[in-house]
Amino acid sequence: LPVEDVLRYEAHAIANINTRPFSEDLDRFSIPSKTLEYLYSGKLTISVRNSILQKSFSDDAIWCKSSDKKDLLEGMEKALLMTPEQRQKMGTRAQEKVLKLYSLKTISQKINQFLAGFSH
């Protein structure tokens with residue numbers, strides 16, 4: 001699908017679900033871009049755990065233990081037990097945090113600070 005269509009689906013979903021299987025190796029060094037995309041969508045995110053993102057977004061998404069069908073179903077059931085307002089509030093909080101932590105402006109500032117450390 002074209003990116004515009006995908007983003008439109010994400011923006012109108014009850015929840016966006018990332019089923020990426022958990023891997024200890026990937027978890028240490030990787031932030032799943034699809035999870036970050038879903039957190040930015042403004043809608044509730046249900047995702048398999050990721051240590052890095054869970055530190056910043058612990059209460060802003062539903063984190064599943066694994067990509068096992070039982071764990072994902074549990075996450076979806078939690079989402080459906082929430083009111084639309086509760087789901088929207090979580091989605092909005094997550095979106096605001098993504099902008100605060102991962103926007104181009106924020107990343108540019110971090111890179112500039114890093115590079116400034118070499119100018120002495």
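## Burial, contacts and helix packing

Ser41 has a relative accessible area of 17% and is therefore buried (under 20%; exposed is over 50%, partly exposed lies in between, with a 1.4 Å probe and protein chains only). The model is predicted: local features need pLDDT of at least 70, side-chain atom pairs count only at pLDDT 80 or more, and totals for chains, interfaces and linings use all residues. Residues are numbered from 1 along each chain as its sequence is written, and side-chain values use heavy atoms, with hydrogens and water left out.

### Exercise 1. The chain as a whole

Task: Describe the order of the elements, the box and the buried share of the chain.

Solution. 
- Step 1. Count the elements. The chain has seven helices and three strands. These are DSSP runs, numbered from the N terminus: helices are H or I with at least four residues, strands are E with at least two.
- Step 2. Read the order. From the N terminus it is α-β-α-α-β-α-β-α-α-α.
- Step 3. Along the principal axes, the C-alpha atoms fill roughly 55 × 30 × 30 Å.
- Step 4. Take the burial. Of 120 residues, 32% count as buried.
- Step 5. Check the contact range. A contact means heavy atoms within 4.5 Å. Among contacts between residues at least 6 apart in sequence, 56% join residues at least 24 apart.

### Exercise 2. Ser41 in its loop

Task: Where is Ser41 found, and which residues is it in contact with beyond four places in sequence?

Solution. 
- Step 1. Ser41 sits in the loop between α3 and β2.
- Step 2. Find the polar partner. A polar atom of the Ser41 side chain lies 2.7 Å from the backbone oxygen of Tyr38.
- Step 3. List the neighbours. Leaving aside those within four places in sequence, Ser41 contacts Glu10, Ala11, Asn16 and Gln95.

### Exercise 3. Leu39 and the α3–α6 packing

Task: Work out how α3 and α6 lie to each other, and which residues meet.

Solution. 
- Step 1. Start with Leu39. This α3 residue is buried at 0% relative accessible area.
- Step 2. See its reach. Beyond four places in sequence, its contacts include Thr45, Phe57, Gly91 and Val98. Leu39 and Met90 are 51 residues apart along the chain, yet their C-alpha atoms are separated by 9.3 Å.
- Step 3. Take the axes of α3 (residues 33-40) and α6 (residues 84-102). They come within 7 Å and cross at roughly 120 degrees. Axes are lines fitted to C-alpha atoms, for helices over the stretch in contact; angles run from 0 to 180 degrees between N-to-C directions.
- Step 4. Classify. α3 and α6 are therefore oblique. Under 35 degrees is roughly parallel, over 145 roughly antiparallel, 65 to 115 roughly perpendicular, and the rest oblique.
- Step 5. Name the residues. Leu36, Leu39 and Tyr40 in α3 meet Gly91, Ala94, Gln95, Val98, Leu99 and Tyr102 in α6.

### Exercise 4. α6 against α7

Task: Are α6 and α7 roughly parallel or roughly antiparallel?

Solution. 
- Step 1. Take the geometry. α6 and α7 (residues 104-116) pack at about 30 degrees, with axes 5 Å apart.
- Step 2. Classify. α6 and α7 are therefore roughly parallel.
- Step 3. Name the residues. Leu99, Lys100, Leu101 and Tyr102 in α6 meet Leu104, Thr106, Ile107 and Lys110 in α7.

Key:
Polar contact = N/O pair within 3.5 Å; in protein donor to acceptor, adjacent residues only side chain to side chain.
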